[in-house]
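Reader: I'm new to this one and would like to know where the labels come from. Could you show me the structure and then take my questions?

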Amino acid sequence: LTAAEQREFESRMQKKQMKEFMGMFSHLVSHCFDSCVDDFTTKSLIQRETGCVSRCVKKFMAGSQRISQRFQEGQTQMMAQPPPGR
């Protein structure tokens, strides 16, 4: 790739990563809100809701981290194997 093509490629990858991150963040917010918030009589979260949201976010982040680790492990294993037909 030329320098200009490389910059264009990197720019597109950054935009794609940001879009994916925003999608994941949006999903997290929606999921935890829908799962935890059910008292709309106050403008602030009640203690139970705050705890629920905190646990929900921690669980989501731990799950995402574990999935990422497993993906990396699979990529490492694939790279270590010789190509088929050799």
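Author: What follows is a set of questions about labels, each answered by setting a value against its definition.

Author: First, the ground rules: this is a predicted model, where local features need pLDDT of at least 70 and side-chain atom pairs count only at pLDDT 80 or more, while totals for chains, interfaces and linings use all residues. Residues are numbered from 1 along each chain as its sequence is written, and side-chain values use heavy atoms, with hydrogens and water left out.

Reader: Which helices do C32 and C56 lie in?

Author: C32 lies in helix α1 and C56 in helix α2, so the pair ties together parts that are 24 residues apart in sequence. Helices here are DSSP runs (H or I, at least four residues), numbered from the N terminus; strands would be E runs of at least two.

Reader: Why is this disulfide called left-handed?

Author: The torsion about the S-S bond of C32 and C56 is about -85 degrees, so it gets that name.

Reader: How many disulfides are there in the whole structure?

Author: A search finds two. The other joins C36 and C52, with sulfur atoms 2.1 Å apart. This pair also links distant parts of the chain, with C36 in helix α1 and C52 in helix α2, 16 residues apart. The C36 and C52 link is left-handed as well, with -65 degrees about the S-S bond. With the bonded cysteines numbered in sequence order, the pairing is 1-4, 2-3.

Reader: Is C32 buried or exposed, and how do you know?

Author: Buried means under 20% relative accessible area, exposed over 50%, and partly exposed in between (1.4 Å probe, protein chains only). C32 has 3%, so it is buried. C56 comes to 11%, so C56 is buried too, and at 2% so is C36.

Reader: What covers the buried residues of α2?

Author: The cover includes α1. Among the residues buried in α2 are E49 and F60.

Reader: What makes E8 and R12 a salt bridge?

Author: The rule asks for a side-chain nitrogen of Lys or Arg within 4 Å of a carboxyl oxygen of Asp or Glu. E8 and R12 meet at 2.7 Å, N to O, so they qualify. Both lie in helix α1, four residues apart, about one turn of the helix. R12 is at 56% relative accessibility, so R12 counts as exposed, whereas E8, with 40%, is partly exposed.

Reader: Which salt bridge involves D38?

Author: D38 pairs with R48 at 2.9 Å, N to O. R48 is in helix α2 and D38 in the loop between α1 and α2, 10 residues apart. By the rule, the count comes to four salt bridges.

Methods
Contact means heavy atoms within 4.5 Å. A disulfide is a pair of cysteine sulfur atoms within 2.5 Å.
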